[in-house]
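The model comes first, then the text.

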Amino acid sequence: MNSLISSDNVLLVWMIVIVMTTFAIFAEQKFKWGAFIGSAVIAIFFSMILCNLHITPTSSPVYTAIGAYVLPLSIPLLLFKCNVRKIIKESGKEFIYFHIAAVGTVAAAFICGFIWHSKEEIAGVAAMTSGAFVGGTVNLVAMGNVFNMDAQYINAVAVGANILLGFLMLLLSVAGNFKFFRSHFRHPYIDEFESGADKTKSMAAQYWKPKNISLLTLAMCLAATFVITGISSVICTAVNATDAPMIVKQLFGNIYLIMTLITATVSTIFPDFFAKLEGAEELGNLAITIWFTTLGCAATAKDVLAVGYVLVFMAIVIVINFLVSMFFGHMAKGSYEEMAIASCATVGGPTTAAALAINKGWGDLIVPGILVGLWGYIIGNYLGVVVGDFFL
């Protein structure tokens with residue numbers, strides 16, 4: 001497909017990607033609608049418009065480089081504060097509610113897997129959905145690679161998953177105003193926000209306020225993520241060169257799974273060191289938003305519609321995730337806000353859970369949402385492998 005900017009005009013393509021990424025972050029922090037849907041959905045949606053208007057190319061060496069290097073390097077940066085002991089200790093009841101939502105995802109993936117069991121690629125679809133809706137879109141990509149799905153197919157599914165995530169964010173945001181949820185759930189955070197919060201301030205801007213970040217800490221962040229990524233690559237290459245069983249190669253021959261395992265391990269063993277690496281969260285979120293932008297740039301409406309049944313599959317999983325979260329959350333006497341954050345953390349990951357809590361003014365749930373979302377990064381891929389292998 002011809003486009004205004006050709007695929008080999010590398011600097012111009014980089015320009016579009018970075019400008020669109022910056023716009024997504026700016027919109028999230030400066031506009032109410034941006035804070036509502038989050039920078040990831042904004043980056044995908046607006047860059048997808050440029051793609052379908054034939055302004056940007058659907059493929060480019062820039063997109064390939066970002067997927068091959070920028071995305072993997074972002075994962076350790078996002079997980080530097082993934083101290084497992086801290087997650088269990090400080091996430092409180094949210095840790096339990098998160099697992100209720102995760103069980104809803106896995107159960108729904110099995111149900112949908114049986115419905116579409118005749119599809120040749122159902123194992124990969126079930127794995128991608130389970131991984132994504134327990135730990136976010138990055139896990140979707142990891143599962144797509146583990147089950148050898150076509151890259152263009154993975155991208156189209158990832159775009160569709162994030163569009164559905166936008167609808168879930170809308171549902172979670174407005175459902176708390178419904179009489180049913182107000183009468184059947186506690187809603188202390190909503191009550192507190194409605195009673196006296198300053199709604200004129202952008203909480204997204206407040207959360208991403210300037211920090212004491214130095215040149216040395218930025219260099220150390222990049223050094224650490226390159227070391228972890230490099231070591232992970234060596235391990236994966238060595239494992240895949242052996243005659244080990246498929247399950248071993250799935251778990252230890254995929255760079256995303258190994259990076260997650262290594263980062264979570266060292267962050268738990270050396271929490272003080274990684275806690276001091278200020279700027280890692282900002283660098284990681286910037287990098288992954290750049291990747292979200294390339295998803296939209298490479299996705300035509302035709303590509304997304306071509307995976308139609310997968311979108312229905314994922315929509316059903318999201319609905320069941322929401323219903324299971326709310327039903328069993330109510331049984332466990334959780335508040336509406338706590339269950340909403342749990343559901344959001346499973347489907348969208350830590351940054352999306354934080355975005356919802358920030359946007360709604362549920363300040364005390366921001367950190368628990370991030371912590372359980374990080375936990376989802378860790379366990380989502382392994383659950384995805386279990387579900388996917390079941391349908392092989």
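Contact means heavy atoms within 4.5 Å. Not counting residues up to four places away in sequence, Thr289 touches Thr21, Ala24, Ile25, Ser39 and Ala43. This is a predicted model, in which local features need pLDDT of at least 70 and side-chain atom pairs count only at pLDDT 80 or more, while totals for chains, interfaces and linings use all residues. Residues are numbered from 1 along each chain as its sequence is written, and side-chain values use heavy atoms, with hydrogens and water left out.

Thr289 is in helix H16 (residues 280-297); helices are DSSP runs (H or I, at least four residues), numbered from the N terminus. With a relative accessible area of 4%, Thr289 is buried (buried means under 20%, exposed over 50%, partly exposed in between, with a 1.4 Å probe and protein chains only). The side chain of Thr289 reaches the backbone oxygen of Asn285 at 2.6 Å, a polar contact being a pair of N or O atoms within 3.5 Å, one able to donate a hydrogen and the other to accept it; residues adjacent in sequence count only if both atoms are side-chain atoms.

Rings of Phe, Tyr and Trp (its six-membered ring) pair if their centres lie within 6.5 Å; planes under 30 degrees apart count as stacked, over 60 as edge-to-face and the rest as tilted. By this rule there are 22 aromatic pairs.

Phe114 lies in helix H5 (residues 93-115) and Phe390 in helix H21 (residues 366-390), so their pair ties together parts that are 276 residues apart in sequence. Phe114 is partly exposed at 47% relative accessibility, and Phe390 is partly exposed at 48%. Phe327, at 48%, is partly exposed, as is Phe328 at 43%. One aromatic cluster is formed by Phe23, Phe26, Phe31, Trp33, Phe45 and Phe46.

A nonpolar core is a set of buried Ala, Val, Leu, Ile, Met, Phe, Trp, Tyr and Cys residues joined through side-chain atoms within 4.5 Å. Which residues have the most contacts inside the largest nonpolar core? They are Leu140, Tyr153, Leu172, Met326, Tyr336 and Trp362, in a core of 117 residues. Helix H8 (residues 151-175) gives the largest share of this core, 13 residues. Apart from it lies another core, of 8 residues, including Cys221 and Phe274.

Terms used
Helices (H or I, at least four residues) and strands (E, at least two) are DSSP runs, numbered from the N terminus.
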